[in-house]
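Have the sequence and the 3D view ready as you read.

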Amino acid sequence: MSGELNKVIVKETDTLKNLLLELEEQHRCIIANDIFGLESCVSKIKIANKSIAYIEVERRKLIENKVMMEIIEQAHDEELLNNYYKIQQLLQEIVLQKNTNELLLRQGLSFTNKMLNVLNPARETATYNSYGKVKNSMR
């Protein structure tokens, strides 16, 4: 079982590396303001996610609801342990890249909305509420 699990983990590592590459490409498109490139990244990321999900199902069939660390400790396989740690490292990199991309996209949307408000301000009369904050009221 350890050999089969190791093969699945290696395949999972390859697909995770592919996802990381796609996220890095998305980051490049965000920085370059390449809207059409961003649109193509979405479909590539979805395909990578589907591949990961397929391999994850394979892995779960092999381990049968057991904890991975228990299986690795019982197998006493150094290669399996190293591959497991590689996946953990890769997952951390993916989460970091995904969060960075999300933050940059939100920042860009916020900037765009503020610029739109400057160029086309609301036509409402601003008044103060009981807390001293500006509230918009239509008259």
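Predicted model: local features only at pLDDT ≥ 70, side-chain atom pairs only at ≥ 80, totals over all residues.

## Charged pairs and a nonpolar core

The partner of Arg28 is Glu25, and the two form a salt bridge. Glu25 is partly exposed as well, at a relative accessible area of 28%. Both residues sit in helix α1, three residues apart, so about one helical turn separates them.

In general, side chains of opposite charge can pair when their charged atoms come close. The count here comes to seven salt bridges, including these:

| Salt bridge | Closest N and O atoms |
|---|---|
| Arg28 and Glu25 | 2.8 Å |
| Glu56 and Arg60 | 3.3 Å |
| Glu12 and Arg59 | 3.5 Å |

Which parts of the chain does the pair Glu12 and Arg59 link? Glu12 belongs to helix α1 and Arg59 to helix α2, 47 residues apart. Both of these residues are buried.

Glu56 and Arg60 lie four residues apart in helix α2, about one turn of the helix. Glu56 is buried, with a relative accessible area of 18%, whereas Arg60 is exposed at 54%. A network of salt bridges links Glu12, Glu56, Arg59 and Arg60.

Now for the nonpolar side. The largest nonpolar core has 22 residues, and Leu5, Ile9 and Ile72 are among those with the most contacts inside it. Helices α1, α2, α3 and α4 each supply at least two residues of this core, with the largest share, seven residues, coming from α1. Beyond its neighbours up to four places away in sequence, Ile72 touches Asp77, Leu80, Leu81 and Tyr84.

How values were computed: Residues numbered from 1 in each chain as written. Heavy atoms only, no water. Core = buried A, V, L, I, M, F, W, Y, C linked by side-chain atoms within 4.5 Å. Buried < 20%, exposed > 50% of the residue type's maximum accessible area, 1.4 Å probe, protein only. Contact = heavy atoms within 4.5 Å. Salt bridge = Lys/Arg side-chain N within 4 Å of Asp/Glu carboxyl O.
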